[in-house]
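This report covers one protein chain. It begins with aromatic rings and then turns to the helices and the core.

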Amino acid sequence: MIIRLLDRDSDVAPVPDGGSDTAVIAADSTGPGPLATAADHAQLELATRTGANGYQIVSVTGELDIATAEQAYSYISEVIDGRLAPVTVDLSGLTFCDASGLGVLARAARHARQKGRQLMLASARPSLLKIMRITGLDRAFPELHPSAHAYSA
């Protein structure tokens with residue numbers, strides 16, 4: 001489910017979204033009402049699909065920051081709560097992540113553990129991995145650690 005909608009018939013004044021001629025409206029996944037416009041920096045898209053292995057895959061595209069953190073946490077938590085299958089968060093489309101975004105990943109990992117679910121990250125960019133290692137957040141996601149054979153010469 002995509003929660004960033006392109007809405008051509010909105011009451012909100014159009015805000016350019018980097019080249020298209022449509023307004024970008026961030027909407028709650030449970031209803032049609034707008035939460036924020038692109039002018040409010042709510043440039044985040046979250047989508048869920050089921051992978052071939054039965055895992056739920058949440059794709060994160062755009063900016064995970066203070067303006068989008070609560071929306072992202074709510075969405076990921078709902079996916080975790082929705083099925084017993086493990087959840088993978090695909091970060092390949094993440095263009096920016098601040099401390100609030102890192103907090104979302106930490107809170108989501110804690111929520112998954114409390115619910116007895118597995119939460120994994122995939123396709124994190126090197127800059128995000130570096131920040132996660134510096135802050136120690138990578139310890140919550142063992143799949144981010146390279147295997148021992150990667151260091152053997």
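## Aromatic rings

The count of aromatic pairs is zero, where rings of Phe, Tyr and Trp (its six-membered ring) pair if their centres lie within 6.5 Å; planes under 30 degrees apart would count as stacked, over 60 as edge-to-face and the rest as tilted. The charged end of Arg107 does sit over the ring of Tyr73, 3.8 Å from its centre. The rule there asks for NZ of Lys or CZ of Arg within 6 Å of the ring centre and within 35 degrees of the ring normal.

## Basis of the values

This is a predicted model, in which local features need pLDDT of at least 70 and side-chain atom pairs count only at pLDDT 80 or more, while totals for chains, interfaces and linings use all residues. Residues are numbered from 1 along each chain as its sequence is written, and side-chain values use heavy atoms, with hydrogens and water left out.

## Overall layout

The chain has three helices and seven strands (DSSP runs numbered from the N terminus: helices are H or I with at least four residues, strands are E with at least two). Along the sequence they follow the pattern β-β-β-β-β-α-β-α-β-α. Of the 153 residues in the chain, 42% are buried (under 20% relative accessible area, with exposed over 50% and partly exposed in between; 1.4 Å probe, protein chains only).

Helix 1 has 14 residues and reaches 20 Å from its first C-alpha to its last, close to the 20 Å expected at 1.5 Å a residue (1.5 Å times one less than the number of residues). Its buried residues include Tyr73, Tyr75, Ile76 and Ile80.

Just after helix 2, Gly116 has a positive phi of about 75°. Among the buried residues of helix 2 are Leu102, Leu105, Ala108 and Ala112. The buried residues of this helix pack against strand 5 (56-64), helix 1 (69-82), strand 6 (87-97), strand 7 (119-122) and helix 3 (126-135).

## Nonpolar core

The largest nonpolar core has 32 residues, of which Leu119 and Phe141 touch the most other members (a core is a set of buried Ala, Val, Leu, Ile, Met, Phe, Trp, Tyr and Cys residues joined through side-chain atoms within 4.5 Å). Helix 1 gives this core its largest share, seven residues.

Leaving aside neighbours within four places in sequence, Leu119 is in contact (heavy atoms within 4.5 Å) with residues including Ile80, Ala108, Ala112 and Phe141.
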